[in-house]
Amino acid sequence: MSKTWDAIIIGGGAAGLFCAGVAGQLGKKVLVIDHASVLGEKIRISGGGRCNFTNLHSGPANFLSLNPHFVKSALAGYPTAEFIKLIQSYRIAYHEKHQGQLFCDDSAKQVVEMLMSECSRGNVTIRHPLAVESISQEGSQWLVKTHNGIEKSHAVVMATGGLPVPAIGATAYSLDIAKQFGLDVVEPRPALVPLSFTADTFGNLSDLAGLSVPIGIASGVKGARYGACRFNEDVLITHKGLSGPAILQASSYWIEGEPIRIDWLANVGQSGSARCDEIFNNDEHRLKLTETVLASVMPQRLAKAFAEQSKLNGRKWVEVSKKDRQALKELLTNWSVKPAGTLGWKKAEVMLGGVSTKDLDGQTMMSRKHPGLYFIGECVDVTGHLGGHNFQWAWASGFACAKSL
Ligand code: FDA
């Protein structure tokens, strides 16, 4: 008679491998099935090859979900500190880069190797490349059919991730299975993705390609599905428009047809408006040219572009009228620009939307309607901010599930 597994995990990425290792070490008989010939590819390409594996400040406020409370239990059950301990136990050297983001010093491959070792320690069986043909329920058992035959299990864990980067095998399989079993799916959309702009949006700013500037960025609408956001991050001006971490963060909240708003003078701890008043009212600037006044708070090339755009270049500050100063302040601190779209799944880092949390138990990640059917990682309607939060969700949701298998 064929063996019955305690759990079959579909998808050997971040959440699937981590969940398998924990469950295996808790004594469960675990099988991981993945259709890819190389496991953990998204981990390998993450963080520019160095994997931003968690964030020191990861908490519920760093996640978008139709139910923002859903993440609380899993994040509390497996906080950042626990994953750092695991990384340290494998002597993987790491460093903090920016705002709590932890990266490997050497290579993201070390994280994949660590997850594989954890699976070995838990005697996890991994089969890949192997495609799943169907998943069905027979009484309290789950049947997973592959071209190698049918595997039986007490539980099935869907961990096939999101739709970004189809070139490395991303599929909507977890969403398809959720629909097959009558669970709701929140419409998926690319997130943490560069936004596209039409050529005429920027005036003379596109001449500044290559310039990276710290800004304040606001996106989304209060009361909308995922609400509104404000981040202080760097924007990168490119030939096609704007990119960099500020734009990626804003993209997750951006609503098609709506503008994003940029405060070019935002400084940590001080709003652009306050900074603007400070320089505009500084008597020392009276006889300086407008572009020189602006250059005291922003890169010279950007200062020149803004002075030109507001037709104040070459004018002494003392000669600039109150009305023109007000218009310049609006341009500098509340610059509104309408993106044309996003660069889509090819360039997105994560998926917004996914299996609705209202059908899942936040303590275990199990379907409320179908005991024994679990969803973990990116396929769930939980999307992290940029900066290691998405991996933290993969670990935390994988851990919550593993404990309950
Ligand atoms: P993940 O994608 O890791 O794994 C899914 C697995 O399922 C894959 O192995 C896949 O082959 C398999 N699979 C898919 N369909 C299947 C099917 N039909 N049958 C069988 N198997 C199937 N996050 C972060 O926190 N820090 C970072 O530095 C980065 N950097 C980054 C860079 C880039 C370029 C991208 C695209 C993404 C990131 N991310 C990130 C996001 C992060 O990679 C992502 O959130 C996690 O990998 C999600 O983990 P999962 O296990 O849910 O999916």
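This is a predicted model: local features need pLDDT of at least 70, side-chain atom pairs count only at pLDDT 80 or more; totals for chains, interfaces and linings use all residues.
A residue is called buried when its relative accessible area is under 20%, exposed when that area is over 50%, and partly exposed in between, as computed with a 1.4 Å probe on protein chains only. Residues are numbered from 1 along each chain as its sequence is written, and side-chain values use heavy atoms, with hydrogens and water left out.

The chain has twelve helices and 23 strands, where helices (H or I, at least four residues) and strands (E, at least two) are DSSP runs numbered from the N terminus. Along its principal axes, the C-alpha trace spans about 90 × 45 × 35 Å. If contact is taken to mean heavy atoms within 4.5 Å, then, among the contacts in the chain with a separation of 6 or more, 72% are made by residues 24 or more positions apart.

The C-alpha atom of Gly-13 is separated by 7.4 Å from that of Ala-159, although the two residues are 146 residues apart along the chain. Leaving aside residues up to four places away in sequence, Gly-13 touches Phe-18, Asp-34 and Ile-43, and with a relative accessibility of 23% Gly-13 counts as partly exposed.

From this loop the reader can move on to the packing of helices. Two packed helices are described by the angle between their axes and the distance between the axes. The axes are lines fitted to C-alpha atoms, for helices over the stretch in contact, and the angles run from 0 to 180 degrees between N-to-C directions. Angles under 35 degrees count as roughly parallel, those over 145 as roughly antiparallel, those from 65 to 115 as roughly perpendicular, and the rest as oblique.

Helix 1 (residues 14-25) and helix 5 (residues 109-121) pack at an angle of about 30°, with their axes 7 Å apart, and the two helices are therefore roughly parallel to each other. Helix 1 contributes Ala-14, Leu-17, Phe-18, Ala-20, Gly-21 and Gln-25 to the contact, while helix 5 contributes Leu-115, Met-116, Glu-118, Cys-119 and Arg-121. These residues divide into seven nonpolar, two polar and two charged, given that Ala, Val, Leu, Ile, Met, Phe, Trp, Tyr, Cys and Pro count as nonpolar, Asp, Glu, Lys and Arg as charged, and the others, Gly among them, as polar.

Helix 5 also packs with helix 4, here at an angle of about 90° and with the axes 11 Å apart, which makes helix 4 roughly perpendicular to helix 5. In this contact Phe-83, Leu-86 and Ile-87 of helix 4 meet Val-111, Met-114 and Glu-118 of helix 5, and by class the contact has five nonpolar, no polar and one charged residues.

Helix 6 (residues 173-180) shows how a helix can be covered by strands. Its buried residues are Tyr-173, Ser-174, Leu-175, Ile-177 and Ala-178, and what covers them includes strand 2 (7-10), strand 9 and strand 13 (185-191).

An α-helix has 3.6 residues a turn, so residues three or four places apart point the same way. Another salt bridge is formed by Glu-133 and Lys-145, whose closest N and O atoms are 3.7 Å apart. Because Glu-133 lies in strand 9 (residues 132-138) and Lys-145 in strand 10 (residues 141-146), this pair ties together parts that are twelve residues apart in sequence.

Finally, the backbone has some features that stand out against a general rule. Most residues other than glycine have a negative phi, and most peptide bonds are trans. Cys-51, however, has a positive phi near 50°, and this residue is buried, with a relative accessible area of 0%. Arg-91 has a positive phi of about 55°, but at 77% relative accessibility Arg-91 counts as exposed. The peptide bond from His-128 to Pro-129 is cis, with omega near -5°, and Pro-129 is found in the loop between strand 8 (125-127) and strand 9.

Definitions and conventions. A salt bridge is a side-chain nitrogen of Lys or Arg within 4 Å of a carboxyl oxygen of Asp or Glu.
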